Amino acid sequence: MNGAVQNVAHLPITAEVAQPPKRPARHLFRLWRPVKGTTSALLGCLGFVAFLIVWQLGHYQTPIESQRFLPSPLQVISALYVLLTQKGYLGDVAVSLGRIFISFFAACAVSIPLALLMGCFAPVRAFLNPLISAARYLPAASFIPLLLVWFGPTDTQKLALLFLGVIFFLVALILDNVESVQKELIEAALTMGAKRRQIVGGVVFRAASPAIMDSMRNMIAVGWSYLVIAEIVAAQDGIGAVMMRAGRFLKVDIIMAGILTIGILGVLTDILFRLASYYLFPWNRKRTG
Amino acid sequence: MTAAAHALAQHAVTEEAVIEAAGVTKQYNGGKFTAVDNVSLVFPKGQVTAFVGPSGCGKTTMLRMVAGLEDPTSGMISAYGAPVLGPGPDRGMIFQAYTSFPWLTALQNVEYGMKLLGIPDGERRSRALKLLDEVHLRDFANHYPSELSGGMKQRVAIARTLAQNPKVLLMDEPFGALDAQVRWEMQEMMIDIFEQERKTVIAVTHDIQEAIYLADRIVFFTCNPGRIKKDILLEFKQGKRFGRKEDMLLLPGYVETERQLFAWMREEIKKQ
């Protein structure tokens, strides 16, 4: 290279090699520093333990005559055990689970195609979106009298209430998922000669599906919160009905056992959706390491 | 130099024209903003053209109109004498954003466009594998895009486009999101592909060196409204393309060309 590039790698380093600087001791509460996985899990468990201790202390602090209004965690668990082994509680749990899943999947079966069409075709969106956005502000519980008149104290009434509780939010969330699909994916398919149908089903839906699954996971949690409302009024079976009956006899341990059951089932549902997402969309797994 | 370049450009036009744009104008907001103003261009078969110019000068809009993703407000674009009415697989497009479908493996991505064309299974598979070879991704055939680097994702998109055997290859800043080393590797790979496939290519780029290296001809855009400032053939390359970028740098005329393009760019930026 006519000496234009001179290799200077052989030149000696003249600066003295300094000792590595002493760093201050690691501090758990440094800003924006992540904690290790095990530390994180440990802290999570600690949160639960702290809650149970506060609960137990609250129970001890309550005067004996009113301790039944704040049973201890152990009493609640034993109430749950009695419910399960002697009161046919599993049947009620099954009824509640059936109501949640049937109404929720019916709502999905309507809202997914609807939101997909709204997201892909501006006229459909313009036609339906104001109506659906407004409907979101209607409190689901306000439909109870109407549904009782229409369907009576039946399962249909409860399914309809749970359906109405989630459908409008589902449409709004899934519409958002559909509209978030990267426009270039659609344009790339267009330039390859894909037809409208192939783009709506084969590109937009495929691209949005993990996000749709997340929306479903979040909305079924809301479905669980409507369950008790649905089963408080005119219900003979289901977790909510068991809790209402216990309330009439001031059996707070059973009410709390009901709350605990719904909490556990909610967590399990969440895990179920996450697992489904993991196996349905292997292409969307977060890279680890 | 510019006069001579124009004479050569005129000569090239007499060959078979693949894409013709006649008086193309694109306006937005009901005529308030003119992105492309009365542009006429002819793209001869086998020529690699780069659209160069400052941002917002209608380069990408012009390319998208050739692709059929946008309609001209007035004027006409035709491909092989027939008017362009929409996008189609005869004009393959490569985008700056990664467009390999994340739910398909690299191999399935490359097969996607061929599936749309109705190419039978066996032929599709073997052609897809051959193309993955060409873009150096044979070992990653069964990987999803989420497992690939940015440059690899872009190579999947390139192979997918080539798989449909488009007569025209449109590239909208295809390497804009890549780091310098990957960009350079991709440019050299594109030269190999241009040589093998003999495509008519239109590429939009901000990168002056990239334009000089890849293109046979540079169309320089000017802003507000988007018009053609200069249209030159890179005659210093004597019709050659170089597999190794550094082989081009010592050619007489290279430095002058690059200097000229930087001067035009500076003129345009000063005007803003």
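Predicted model: local features only at pLDDT ≥ 70, side-chain atom pairs only at ≥ 80, totals over all residues.
Residues are numbered from 1 along each chain as its sequence is written, and chains are lettered from A in the order in which they are written.

## The contact between the chains

Chain A contributes 19 residues to the contact and chain B contributes 24 residues, where contact means heavy atoms within 4.5 Å. Together the two chains bury about 1900 Å², and 66% of this lies on carbon and sulfur atoms. Buried area is the accessible area (1.4 Å probe) that two parts lose on being put together, summed over both. Of the area that chain A buries against chain B, 39% comes from Thr191(A), Met192(A) and Trp283(A), more than from any other three residues.

Between chain A and chain B there are four residue pairs in polar contact, both residues being at pLDDT 80 or more. A polar contact is a pair of N or O atoms within 3.5 Å; within protein, one must be able to donate a hydrogen and the other to accept it, and residues adjacent in sequence count only if both atoms are side-chain atoms. On the side of chain A that touches chain B, helix H7 (183-191) and helix H8 (196-232) each supply at least two residues. H7(A) gives the most to this side, with seven residues. Helices (H or I, at least four residues) and strands (E, at least two) are DSSP runs, numbered from the N terminus. By class, the side of chain A that touches chain B has 10 nonpolar, five polar and four charged residues. Ala, Val, Leu, Ile, Met, Phe, Trp, Tyr, Cys and Pro count as nonpolar, Asp, Glu, Lys and Arg as charged, and the others, Gly among them, as polar.

One salt bridge is counted between chain A and chain B. A salt bridge is a side-chain nitrogen of Lys or Arg within 4 Å of a carboxyl oxygen of Asp or Glu. Arg64(B) pairs in this way with Glu187(A), the closest N and O atoms being 2.6 Å apart. The side chains of Arg64(B) and Glu187(A) also make a polar contact (2.6 Å). Arg64(B) is found in helix H2 of chain B and is buried, with a relative accessible area of 15%. Buried means under 20% relative accessible area, exposed over 50%, and partly exposed in between (1.4 Å probe, protein chains only). Not counting residues up to four places away in sequence, Arg64(B) touches Glu187(A), Leu69(B), Glu70(B) and Met93(B).

## The disulfide

One disulfide, a pair of cysteine sulfur atoms within 2.5 Å, is counted over all chains. This link joins Cys57(B) to Cys223(B), with an S to S distance of 1.8 Å. The link of Cys57(B) and Cys223(B) is left-handed, with -80 degrees about the S-S bond. Cys57(B) lies in the loop between strand S3 (48-52) and helix H2 (59-67) of chain B, and Cys223(B) in the loop between strand S9 (217-222) and strand S10 (227-233) of chain B, so the pair ties together parts that are 166 residues apart in sequence. Cys57(B) is buried at 1% relative accessible area, and Cys223(B) is buried at 9%. Cys120(A) is in no disulfide, and the nearest cysteine sulfur, that of Cys108(A), is 18 Å away. Cys120(A) is partly exposed, with a relative accessible area of 26%.

## Salt bridges

Side chains of opposite charge can pair when their charged atoms come close.

| Salt bridge | Closest N and O atoms |
|---|---|
| Asp90(B) and Arg91(B) | 3.1 Å |
| Glu195(B) and Arg241(B) | 3.1 Å |
| Lys229(B) and Glu268(B) | 2.9 Å |

Asp90(B) is partly exposed, at 24% relative accessible area, whereas Arg91(B) is buried, at 5%. Lys229(B) lies in strand S10 and Glu268(B) in helix H9 (residues 254-271) of chain B, so the pair ties together parts that are 39 residues apart in sequence. Lys229(B) counts as partly exposed at 23% relative accessibility, and Glu268(B) as buried at 1%. In chain A, salt bridges that share partners join Arg99(A), Asp155(A), Glu231(A) and Asp237(A) into one network.

Key. Heavy atoms only, no water.
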